Amino acid sequence: MSRSVLIVDDDTAIRRLVALLLRKQSFDIEEASNGLEAIDRIRARHYDAIVLDLMMGPGSGFEVLDELRGLRPDDRCVVVLSASSERHLREADGPNVSATIRKPFDVTELVREVCACCH
């Protein structure tokens with residue numbers, strides 16, 4: 001069975017890099033360039049993991065997390081990947097967030113955390 005990951009980031013280069021890394025691990029990848037697009041995709045499909053930037057628009061990563069809290073909390077696994085401040089990273093913590101990784105990021109750590117979501 002295919003493991004699916006939604007990558008949400010307004011930076012196209014970051015999305016492409018993360019997609020490339022995760023495709024090498026045999027993940028089925030979809031991308032969203034903002035939070036509103038991500039929310040639409042999340043409502044339409046289940047993802048085993050979501051790699052989520054916090055600061056983007058329209059629709060921030062915080063709005064995506066709010067949407068996820070309205071769903072079954074144990075049903076989604078989020079890896080926050082952001083250059084946000086420590087305060088924002090702490091605010092993003094919640095039942096769906098399995099890890100927070102600061103940009104610039106270690107690719108091995110990112111792959112490990114996404115794989116942990118999809119055990």
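A salt bridge, as I use the term today, is a side-chain nitrogen of Lys or Arg within 4 Å of a carboxyl oxygen of Asp or Glu. By this rule, R41 forms a salt bridge with E37, with the closest N and O atoms 3.5 Å apart.

Before I go on, a word about what we are looking at. This is a predicted model, in which local features need pLDDT of at least 70 and side-chain atom pairs count only at pLDDT 80 or more, while totals for chains, interfaces and linings use all residues. Residues are numbered from 1 along each chain as its sequence is written, and side-chain values use heavy atoms, with hydrogens and water left out.

Let me stay with R41 and E37 for a moment. Both residues lie in helix 2, four residues apart, which is about one turn of the helix; helices (H or I, at least four residues) and strands (E, at least two) are DSSP runs, numbered from the N terminus. I will also speak of burial, where buried means under 20% relative accessible area, exposed means over 50%, and partly exposed is in between, computed with a 1.4 Å probe and protein chains only. On that scale E37 is partly exposed, with a relative accessible area of 26%, and R41 is partly exposed as well, at 29%.

What else does R41 hold on to? R41 also forms a salt bridge with E30, and here the closest N and O atoms are 2.8 Å apart. E30 lies in strand 2 and R41 in helix 2 (residues 35–44), so this pair ties together parts that are eleven residues apart in sequence. If we widen the view, D28, E30, E37, R41 and R45 are linked in a network of salt bridges, and the count for the model comes to eleven salt bridges.

Which residues of helix 2 are buried? They are G35, A38, I39 and I42. Seen down the axis of helix 2, these buried residues fall within an arc of 100°, taken from the directions from the helix axis to the C-beta atoms, so they line one face of the helix. The face turned away from that buried side carries the exposed residues D40 and A44.

Strand 1 (residues 3–8) and strand 2 (residues 27–32) pair in the parallel sense over six bridges, where two strands pair if DSSP finds at least two bridges between them. In this pairing, R3 stands opposite F27 in strand 2. Together, strand 1, helix 1 and strand 2 make a right-handed β-α-β unit; a crossover is right-handed if, with the strands pointing away from the viewer, the path from the first strand over the helix to the second runs clockwise.

In the loop between helix 1 and strand 2 we find S26, which has a positive phi of about 70° although it is not a glycine. Most residues other than glycine have a negative phi, and most peptide bonds are trans. S26 is exposed, with a relative accessible area of 56%.

A cis peptide bond joins G57 and P58, with omega about -5°, and P58 is found in the loop between strand 3 and helix 3. The peptide bond from K103 to P104 is also cis, with omega near -10°, and P104 has its place in the loop between strand 5 and helix 5.

The side chains of D53 and K103 meet in a salt bridge, at 3.6 Å from N to O. D53 lies in the loop between strand 3 (49–52) and helix 3 (61–70), and K103 in the loop between strand 5 (97–102) and helix 5 (107–117), so the pair ties together parts that are 50 residues apart in sequence. Are these two partners buried or exposed? D53 is buried, with a relative accessible area of 5%, and K103, at 18%, counts as buried too.

Finally, A49 is found in strand 3, and at 0% relative accessibility A49 counts as buried. From A49 to H88 the distance is 21 Å in space, C-alpha to C-alpha, and 39 residues in sequence.
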